[in-house]
Amino acid sequence: MSDYETVIGLECHVELSTRTKMFCGSPNEFGAEPNTNVCPVCLGHPGTLPAANRQAIDHTMKIALALDSQIAPRSLFHRKNYFYPDMPKNYQISQYDLPIGTGGHLDIEVDGETRRIGMNRVHLEEDTGKTFHASATGRIAEAEYALEDYNRAGVPLVEVVSEPEIRSPEEARAYLIELKALLESLGVSDVRMEEGSFRCDANISVRPIESGELGVKVEIKNLNSIRSVERALRYEAERQRAAVEAREALVQETRHWDEGKGVTLPLRSKEYAFDYRYFPEPDLAPIEPDAEWIERLKAELPELPAARRQRFVLVHELEPTAARLVGTDKEWAGFFEEVVGLGADPRTVANWMVGDLTALLREAKVSLSEATVKPRHIADIVRLVEDGTISTAGGKQVLAEAFASGKAVEAIVEAKGLAQISDESALLAVVEEVIAENPGPVEQFRAGKEGVIGFLVGALMKKTRGAANPQEAQRLLRERLSG
Amino acid sequence: MPVEIDVDHVARLARLALTDEERERFRAQLRVILEHAERVREVAAEDVQPTSHPIPMQNVFREDEPEPTLSQDEALAGAPEAEKGQFKVPRIVEME
Amino acid sequence: MAELCDLTGHELARMFRAGEATALDTVESCLRRIEAVEQRVKAFLVVTADLARAQAGEVDKRLAAGGELPPIAGVPLGLKDVLCTRGVTTTCGSKILHNYVPPYDCTPWARLAAGGSVLIGKTNCDEFAMGSSTENSAFFPTRNPWDLETVPGGSSGGSAAAVAAGEVVWALGTDTGGSVRQPAALSGVVGFKPTYGLNSRYGLIAFASSLDTVATLTRDVRDSAVLLSAIAGHDPKDSTSVQEPPRDYTEGLDAGVRGLKVGVVRDWLGEGVQVGVRASVEAAVERLAGLGAEIDDVALPHADYALSAYYLIAPAECSSNLARYDGVRYGHRAEGTRDVVELNMRTRGEGFGQEVKRRIMLGTYSLSAGYYEAYYGQAQKVRTLVIRDFEAAFERFDILLAPTSPTTAFRLGEKAEDPLAMYLSDIFTIPANLSGTPAISVPCGLDDAGLPVGLQLIGKVLDERTVLRAAYAFEQDLSLEATPPLVAEATG
Ligand SMILES: [Mg+2]
Ligand SMILES: [Zn+2]
């Protein structure tokens with residue numbers, strides 16, 4: 001579809017990890033019994049008033065600063081008015097024309113190329129409660145009734161909206177990974193898609209590249225993982241392209257991603273357009289940060305993923321790709337630096353992490369923090385391989401075992417007998433055996449067929465079940481045969 | 001400027017079930033009130049800043065400190081209907 | 001002879017400490033008065049007799065033990081039913097909250113209760129404080145103790161009537177467009193709306209958030225100062241409450257008005273103002289001049305537009321504030337609905353009265369797509385102009401003087417079918433709400449029919465003291481001796 005351009009914009013909602021909710025002192029905590037993290041304010045009781053959480057505002061400004069957004073000298077909360085039973089006041093305190101942050105950008109890397117995605121806005125609002133649709137068929141439209149839990153109602157929620165400058169599902173994926181990493185580095189959110197603390201809606205349209213006109217924008221909801229964002233966008237781009245080619249009219253609409261079927265489906269169209277009747281929230285004062293406040297937050301900003309990757313390239317001399325793989329995620333970068341801090345060579349550490357460790361994690365479907373493998377393991381493996389105590393192949397075995405059991409590296413080497421035989425007298429005995437048992441190849445080598453040495457080393461390794469140091473074995477074999 | 005109000009649309013936005021009689025009465029009364037209210041346009045010039053608050057203030061925050069919550073029973077005490085610790089409502093047909 | 005229930009709060013405070021009366025005696029006196037007149041006045045939605053007796057008994061015990069208590073201790077109080085009281089039904093005069101029992105106390109009552117205040121009951125009001133006669137209560141209208149065929153004003157009509165009839169000694173109301181000052185004027189008591197934000201709005205069930213102000217209804221100006229002192233000051237639960245520490249507003253009360261510059265809002269004494277009202281207010285001007293105040297006329301050129309702006313701003317905020325009454329979490333729920341939209345629509349259709357629906361419709365319309373700038377946006381600009389008018393006036397004057405209401409108490413039903421005529425009843429009170437300035441209504445005489453007239457004094461933002469001082473000087477000099485016939489009859 002090279003003659004079509006895909007235009008994607010992402011709207012991400014990030015729940016902040018504050019101690020309390022946005023406008024009241026109820027705990028901001030996942031997984032409590034229904035309607036226990038509530039108070040008169042977040043239940044929307046008559047007469048209650050919101051009081052803004054300073055920490056949440058600091059967090060939002062940090063996100064904006066990290067994205068290079070402009071911090072508004074004056075920003076306002078607005079009321080967004082619409083009825084829905086998960087919203088106790090039937091309006092959401094949100095932001096409208098004066099958000100905390102506007103503009104900015106996020107750099108992403110796809111296929112070795114860096115692309116700068118413009119940001120539209122960063123604003124702060126309150127989350128809604130949770131609705132359980134009691135439905136025998138599992139379909140919301142066929143539900144008999146619904147239940148409301150307001151534990152989540154009022155949790156601080158930051159909306160990060162990109163410009164429609166993302167050009168492919170792959171870029172959307174890279175954008176989400178980068179944004180997630182940035183938020184994690186800032187320590188402002190758990191950023192867990194599966195717990196709903198990081199959510200994403202996508203806007204997508206396609207248009208023939210030559211035509212100046214814009215495509216018809218479709219919004220996709222119910223995207224519960226980065227993978228589903230990518231899949232849904234790929235599906236939707238293809239659907240829209242096919243429609244344009246077939247000269248079918250596309251409608252501006254909201255579609256629902258069906259993860260199981262792998263398709264987007266139109267949501268029941270509304271009876272009439274939305275009219276949120278925004279107006280300035282009269283119960284709250286404007287936010288007017290001065291230079292001192294902004295400078296303090298800037299000073300508190302941690303190293304962000306982009307800077308960290310750059311440092312890994314410059315200081316640890318990693319390849320850019322390796323730097324991206326170990327330097328983007330906060331947890332991975334921390335792990336990497338810990339291993340390096342234990343004295344291991346950075347490039348070797350990165351290789352182990354990107355290669356074997358990644359494969360093991362993927363297979364076991366666990367995250368690095370959940371894994372039993374600790375930085376100490378990797379550092380020990382790197383050291384033992386380097387000093388020749390174990391072979392690279394042995395190192396892989398040790399890692400797999402450490403991954404499974406969490407046992408110390410030395411213990412595993414010991415138990416599995418993986419230490420290489422470098423002791424000359426021990427090795428010489430085996431060399432003699434190999435020569436005695438392979439008269440043919442020995443003859444060939446002596447006749448000048450250099451390549452046969454590999455076969456002989458292999459035979460020796462087999463006899464020692466891999467425990468021999470192959471370099472040492474080859475040296476001894478050559479000595480003996482030329483002697 | 002005579003004001004025509006789509007009473008049904010507004011009532012739907014406001015989630016108010018009106019009787020036919022109310023609909024007619026409001027249509028007439030709202031027109032009169034709005035025509036009176038339109039006088040604000042006579043004086044509100046371009047260069048006048050709107051005031052949303054009589055006493056100007058800014059940066060009013062609370063610290064991120066937990067406060068006592070209601071128990072589940074207290075939270076549900078006024079609920080017309082509840083089930084499994086949650087507020088029960090009839091099915092939600094409109095996706096919003 | 002006056003009964004305890006007819007005295008002022010500051011007199012009772014002195015008597016409690018001198019051993020001349022007890023808080024419990026005073027509560028019983030109020031309850032007897034309620035027994036005698038309430039069937040005719042209908043000021044209360046709920047009388048909390050047992051609670052009052054218990055609270056009074058506690059105060060008497062603490063005073064007898066030599067405890068230090070603030071002057072509001074033991075004085076019987078009425079609370080307008082838009083103020084949340086934990087465990088005591090709070091209805092806003094609406095069917096939609098007929099069964100609502102708040103799980104918390106509003107800040108003003110929490111502060112009073114901590115000081116030993118005694119709650120006699122929750123007073124009737126126009127539904128959600130929308131109205132000027134208390135006829136919009138979903139339960140019953142309240143009547144004016146001065147003439148039972150007339151209204152007590154509104155929306156805090158229950159509080160005003162209860163104070164006037166001796167059912168409580170003082171009361172709290174709320175003033176969004178004049179809802180304390182206008183009923184004070186019509187019921188012959190003192191109504192004081194301080195600066196917006198001086199009293200916390202936490203627990204005041206919102207009508208129009210940027211205008212709502214908790215205000216006092218008392219028998220004299222000193223009581224206004226005493227009661228205000230007990231509730232005013234910053235509340236972290238209300239982000240719009242001003243950063244003022246608690247103060248004693250009785251300080252300097254008797255400093256007089258000599259040299260005080262008083263601006264008479266001349267435009268508000270012209271046509272459309274009842275002759276009796278005009279006469280009493282003109283006489284008040286003379287009286288203040290006689291006391292040494294420097295009088296001159298002042299103009300508030302944009303005040304004419306204030307009513308229009310108010311009837312855009314208040315309904316807009318109300319349409320949003322009242323969205324939470326949806327039949328899901330508390331209050332009334334319509335029976336037998338099939339889905340949530342129907343539940344919301346029927347609950348609200350059944351639960352709200354005519355005036356509330358009218359304002360929700362008005363506010364929803366004026367905020368809806370395409371109309372925001374033309375209506376709400378413009379109204380907020382008019383608000384700026386009204387504030388500028390006041391600022392200009394206060395460069396020349398310390399205080400502004402005007403009638404509180406263009407009329408004295410009108411007859412029940414007289415304006416019920418004409419919303420615009422009812423709205424005009426607040427024409428002189430609304431500007432002080434738009435600008436947030438403190439304003440008091442103090443009785444200044446009776447008209448030919450023997451109905452009270454209110455004099456309004458408006459001060460600078462956060463200058464409650466000058467307002468109280470001027471009102472006190474006037475009140476002391478006038479020393480109006482007049483009692484509602486109902487009270488005269490009850491005290492026999
Ligand atoms: Mg949002
Ligand atoms: Zn809460």
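Biologist: What is the area buried between chain B and chain C, and what makes it a buried area?

Modeller: In this predicted model, about 5,300 Å² is buried between chain B and chain C, with carbon and sulfur atoms giving 69%. The term denotes the accessible area (1.4 Å probe) that two parts lose on being put together, summed over both. Local features need pLDDT of at least 70 and side-chain atom pairs pLDDT 80 or more, while totals for chains, interfaces and linings use all residues. Residues are numbered from 1 along each chain as its sequence is written, chains are lettered from A and ligands numbered from 1 in the order written, and side-chain values use heavy atoms, without hydrogens and water.

Biologist: How many residues of chain B and chain C are in contact?

Modeller: Contact means heavy atoms within 4.5 Å; by that criterion 56 residues of chain B meet 64 residues of chain C.

Biologist: Why is the pair Lys357(C) and Glu22(B) called a salt bridge?

Modeller: The term requires a side-chain nitrogen of Lys or Arg within 4 Å of a carboxyl oxygen of Asp or Glu. For Lys357(C) and Glu22(B) the N to O distance is 2.6 Å, so the pair qualifies. Two salt bridges are counted between chain B and chain C.

Biologist: Which elements of chain B supply the side that touches chain C?

Modeller: H1, helix H2 (20–37), helix H3 (40–43) and E2 of chain B each give at least two residues to that side; helices (H or I, at least four residues) and strands (E, at least two) are DSSP runs numbered from the N terminus. The largest share, 10 residues, comes from H2(B).

Biologist: What is the contact between chain B and chain A?

Modeller: Here 38 residues of chain B and 56 residues of chain A take part. The area buried between these chains is about 4,200 Å², with 57% from carbon and sulfur atoms. On the chain B side, Phe61(B), Arg62(B) and Asp64(B) lose the most area to chain A, together 18% of what that side buries.

Biologist: What makes Glu63(B) and Arg54(A) a salt bridge?

Modeller: Their side chains meet at 2.8 Å, N to O, which is within the 4 Å limit, and therefore the pair counts. The count between chain B and chain A is two salt bridges.

Biologist: How do you know that strand E9 of chain A and E2(B) pair?

Modeller: Two strands pair if DSSP finds at least two bridges between them. In E2(B), Phe87(B) is the bridge partner of Glu148(A).

Biologist: What makes the atoms around the magnesium ion (ligand 1) donors?

Modeller: Donors are N, O and S atoms within 2.8 Å of the metal (3.2 Å for Na, K and Ca); water is not among the atoms, so sites may look incomplete. Along the chain the donors follow the spacing H-x111-E-x33-E. Glu125(A) lies in strand E7 (residues 113–126) and Glu159(A) in strand E10 (residues 156–162) of chain A, so the pair ties together parts 34 residues apart in sequence.
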